[in-house]
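I opened my notebook for a friendly look around this one. Here is what I looked up, entry by entry.

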Amino acid sequence: MIANRFKSIVPAIIIFLVYVIVTVIALNNLVAHINTAMPGTVNLQASDQIQPAEFDIFYWNVWWVRHAVFDLHVSPLYTNFIVYPFASPLAGHTLALLWGLISAPFQSVWGLITTYNLIIIVCFVAAAMLMFAFVRRHVTQRGVAVLAGLMFAFTPAMIHRASVGHLDKLSILWLPLILLLWDKVIESRRWTWAIVLGSALWFSWLTDFQQTMWALLLLVPYVIYTLTHRPLPQSERVGLKVVLIALAAFIIPSLFAPLPQLIEANRLNYPPARLEDTAAFAFPIQNFFDPSASGDFSIGLLLPIGTLLSLLFIRRAGRRWLWFLIGLGCFVLALGPFIDIGSTRIPLPYTLLHLLLGNQYRTPVRFATPGVFAWIMFIALTLDGFFVWLNQRTLHSATRMTHSLLLMTALALFVFDYHLLQPFPITVMPDYQIYHTLAGDTSNTTVLELPIGVRTGFALIGRGEYLQYYQPIHQHPIPSGYLSRLPNEVTDYFYFDPLLGALTVSRALPPQSEVDAELMQLIHEWNIGYVILHRDLLEPGRVKSFGDLLNRQAALEKVGEEGPLILYRAKTP
């Protein structure tokens with residue numbers, strides 16, 4: 001019996017290892033330097049150029065959730081640890097709360113860098129395996145499901161999002177998992193599976209609102225289809241009761257978190273995303289067959305070609321029509337608010353959705369993710385039908401050889417089409433001893449890093465916002481930082497205040513007598529214990545003017561240098 005059970009799980013183990021190998025190939029450099037490197041590229045230089053990687057946000061996120069819950073015993077949905085002194089709600093921020101909670105014990109064992117990189121790896125492998133599991137339930141050929149898992153998990157968009165460190169958008173494992181759970185609901189007709197399904201929807205929201213929105217775009221039409229087309233007697237069909245149970249299991253915990261906090265956050269004066277601006281983040285029609293250099297705006301060439309070829313064989317197959325139409329609807333949303341044909345502008349459905357989401361959603365291209373899922377299902381069902389047809393017309397041994405050859409060829413083609421063999425970009429951030437020294441000071445003082453940088457999804461004030469990367473080491477509040485949403489009052493404060501405007505390099509320093517007094521007052525009001533001058537982030541002239549300002553400040557004393565960093569400490573009264 002044990003031998004039979006082991007034999008039955010061997011294929012799953014092999015498939016799992018295949019996806020692990022593909023992940024290692026796709027994330028090559030990151031895996032090779034898993035304990036020291038971060039995904040993407042950050043250039044530490046004296047420039048106002050926006051950094052192409054954003055690993056600092058999500059690296060900080062997973063640390064903050066653990067630190068808030070297990071060290072400070074406070075809600076992780078609020079913080080004044082970055083963009084100090086403001087207390088910022090994080091319900092509208094790309095917090096990826098669930099990853100912070102799940103990874104908490106691993107951070108203590110393996111360290112934050114390793115844990116963060118392992119989350120990225122898990123996202124790819126889990127998405128591939130769960131997509132395989134869902135597709136396998138609907139096709140006869142295991143190889144078709146293996147191909148579907150690779151097609152879904154390793155799209156250029158996912159590789160791109162890994163290269164910028166976006167844990168929230170990488171967590172697409174929820175899409176196949178939630179549909180798998182609905183399959184269990186309709187097969188078992190048990191309320192317990194309905195609760196599991198609703199809980200999974202809630203957990204997806206704790207990961208990121210977009211994951212829940214994408215999952216519902218797939219789940220709602222799939223639920224309607226399965227309830228109206230399932231060949232069961234009326235008395236055996238899943239009724240309204242089990243659907244209501246699933247909704248309750250999703251809505252009730254959401255009423256405690258994160259819905260109230262999100263409503264509270266939305267009352268703040270967040271800058272809206274103009275509808276015209278969202279067009280810059282739409283999926284261009286030409287990218288279906290002429291992929292952009294940016295993976296975020298590409299689904300490769302084979303997926304749209306496979307979709308068109310599958311249309312030739314769709315006929316009256318209801319399931320295939322379902323997935324094709326779902327994908328089509330998602331890609332219509334991904335096209336953004338309008339398309340221009342000559343001098344005529346045609347409004348698209350995203351315009352209404354943008355309004356419903358409070359003018360805060362600015363990247364319609366991301367609706368391509370559920371669209372990709374749906375069209376992969378469409379292709380998988382068509383390909384499976386082709387193999388069934390082939391089985392009926394060839395010898396068994398020849399059929400197996402043909403299947404293997406075709407599927408291995410398709411796997412190889414998608415590896416090249418998705419550019420998985422390219423070097424994965426990484427950054428090794430300098431490990432300054434100064435931050436470890438500050439960690440030994442357990443007083444509740446603020447660290448002022450110069451220049452100050454404050455960034456949101458809509459604005460950037462100053463430079464050096466990615467210095468929040470170092471906060472998990474020293475664990476002191478800092479005025480710099482990157483949060484997805486900040487009220488206008490906060491960014492205005494850092495820009496228009498005479499001293500802070502100068503410290504964000506947005507304007508010149510005030511006259512000496514004024515700036516000295518203002519800095520002394522700031523040290524007192526913000527309870528600043530240390531000031532770190534980053535000479536590598538400033539032009540030579542600013543290095544001198546900032547250095548002169550700090551050196552003549554009576555409340556500070558210079559205590560050390562390390563590379564481009566100069567450390568000052570507040571004098572004890």
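I took two strands as paired if DSSP finds at least two bridges between them; strands are DSSP runs (E, at least two residues) and helices are too (H or I, at least four), numbered from the N terminus. The model is predicted, so I kept its rules: local features need pLDDT of at least 70, side-chain atom pairs count only at pLDDT 80 or more, and totals for chains, interfaces and linings use all residues. Residues are numbered from 1 along each chain as its sequence is written, and side-chain values use heavy atoms, with hydrogens and water left out.

Sheet entry. I found three strands in an open, mixed sheet, ordered β9-β8-β10. At its edges sit β9 (460-462) and β10 (481-482), each pairing on one side only. Strand β8 (residues 453-455) runs antiparallel to β9, joined by three bridges. Which residue of β9 is the bridge partner of Gly453? I found Gly462.

Ring entry. I counted 40 aromatic pairs, taking rings of Phe, Tyr and Trp (its six-membered ring) with centres within 6.5 Å; planes under 30 degrees apart are stacked, over 60 edge-to-face, the rest tilted. Trp205 and Phe209 have ring centres 6.3 Å apart and planes at 55°, so I noted the pair as tilted. Trp205 is buried at 14% relative accessible area, while Phe209 is partly exposed at 36% (buried is under 20%, exposed over 50%, partly exposed in between; 1.4 Å probe, protein chains only). I also noted that ring pairs link Phe55, Tyr59, Tyr116, Tyr432, Tyr435, Tyr469 and Tyr470 into a cluster.
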